Amino acid sequence: MAHERRGQETGGTEPPYVRSGLPPAADSGTAPPQTEGHVGTPVPGGVHAPSTSVAPCAPEVTARVPSGLVFGFWNGLCSDCSRMFGAVVVGIGTAGWVRIRDMLTPHPGSPAEKLAVRGFISRRNLDNQQGVSQISVEEAVSRDDIHAAFICTENESHEDYVRTFLQAGKHVSVEYPMTMSHKAAVELWDLAQKKGVVLHEEHIELLTEDFKELKRAVEGKVLQEGTLHFTGGALKPGFGFPAFSGIARLTWLVELFGKLSVSAATLEEDSAKGYSKMTAKLLTSDNRPLTWVEERQTGLPRAKNINFVFDSCTLSEIPAAPRGAVGLFMQDLIHFSAKISDQVSPSQLQGEKERVLHCLELADRIQQLCQSL
Ligand code: NAD
């Protein structure tokens, strides 16, 4: 079982992060994450025993991308280097707290230095956070020195905030999932295009060193069948249906195996025990079966277990990888800053948009199938 690196996503009631020396988030009661850190050390053996007929994948000697490589995202060219972007953070939980911290201490020499945090929005009246003061939504949308918004609230409120800020002509970075339906995401992207602003969905799970290792390990192999089984604590209210709250796992599968379709999906729930298990049966474009399981219950250890059977070998552990030099949220901040500074190619922007919409479409279909039973 490979223990999941924490600080990648929460919404669960389990202690979500490595504790850091930093003060707790204002309204979450949790310390902010050390997004750079490993929490668990992968240990052998997934929940699914590897196929006995196929050998385990041999460790591959590949050139390792330097830890903390973030600069592949932007081309180093700046159309207007002097331009600064004022930003507001909406929702001061763990993710919102980290967004403020990262804008106050951007990675030196990166496009994130162009962002200046001008305020935060919360549904409660809060004191200054890390020296930043609370402002209203009305003020944020009307201020000319605020060009971008970071939406870091519970999943179910993302859509409304994204729409509000796009409508006001602000760039938006939203924590995943952008919306709780594919249709709403298409509308938001159309709105962003109409307003000529950037719409970005954070996906720090793609920036982890272990995912990069896994991707390298999968590359060039022919999949026969596979499973990704996630376990974690019960979700807090407002984080939505498991296919949406767990979209990071679906995004992994799409990044690893390309476009997918859904053949079946079920949801088992025992609300008295706070238990839920969603099982989605997926197919790759060459009809290879992939099973995605999201299983949650209070106290269930947070872990991702894989079993990918290829024609040549079986991969049943996420490869261990040393921590990156640059935190995951910082990498995402750099990527967003590069986007709003016109430093990301149109083809990359289009590719990301297609991936996000594809995953949301799959999540929609999974939810429909689960709820049609
Ligand atoms: P959290 O519970 O710590 O914080 C959510 C915050 O939003 C809370 O402070 C809550 O008070 C605030 N909020 C809720 N509704 C609001 C509203 N209407 N107006 C203003 N504030 C409101 O959760 P989190 O871990 O910070 O997650 C937030 C988002 O970030 C989620 O979408 C989650 O999927 C995403 N995310 C988080 C992480 C992570 O490592 N924490 C990683 C990836 C994605």
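Modeller: The buried residues of α5 are Glu209, Asp210, Phe211, Lys212, Glu213, Leu214, Arg216, Ala217 and Val218. Buried means under 20% relative accessible area, exposed over 50%, and partly exposed in between, with a 1.4 Å probe and protein chains only. Helices (H or I, at least four residues) and strands (E, at least two) are DSSP runs, numbered from the N terminus. This is a predicted model: local features need pLDDT of at least 70, side-chain atom pairs count only at pLDDT 80 or more, and totals for chains, interfaces and linings use all residues. Residues are numbered from 1 along each chain as its sequence is written, and side-chain values use heavy atoms, with hydrogens and water left out.

Biologist: How many of the 10 residues of α5 are buried?

Modeller: Helix α5 spans residues 209–218. The helix is mostly covered. Its cover includes α7 (247–257), β11 (303–310), β12 (314–315) and α8 (328–340).

Biologist: Which residue just after α5 takes a positive phi?

Modeller: Look just past the end of α5. The phi there is about 85°. The residue is Gly220.

Biologist: Are α7 and α9 parallel or oblique to each other?

Modeller: Helix α9 covers residues 346–371. The axes of α7 and α9 come within 10 Å and cross at roughly 120°. Axes are lines fitted to C-alpha atoms, for helices over the stretch in contact, and angles run from 0 to 180 degrees between N-to-C directions. Angles under 35 degrees count as roughly parallel, over 145 as roughly antiparallel, 65 to 115 as roughly perpendicular and the rest as oblique, so α7 and α9 are oblique.

Biologist: Which residues of α9 meet α7?

Modeller: Contact means heavy atoms within 4.5 Å. From α7 come Ile247, Leu250, Thr251, Val254 and Glu255. Their partners in α9 are Arg355, His358, Cys359, Leu360, Leu362 and Ala363.

Biologist: Is Cys359 buried or exposed?

Modeller: Cys359 has 1% relative accessibility. The cut-off for buried is under 20%, so Cys359 counts as buried.

Biologist: How many disulfides are there?

Modeller: A disulfide is a pair of cysteine sulfur atoms within 2.5 Å. By this rule, the count is zero.

Biologist: How far apart in space are Gly274 and Gly233?

Modeller: Gly274 sits in the loop between β8 (260–270) and β9 (275–284). Gly274 and Gly233 are 41 residues apart in sequence. In space, C-alpha to C-alpha, they are 9.0 Å apart.
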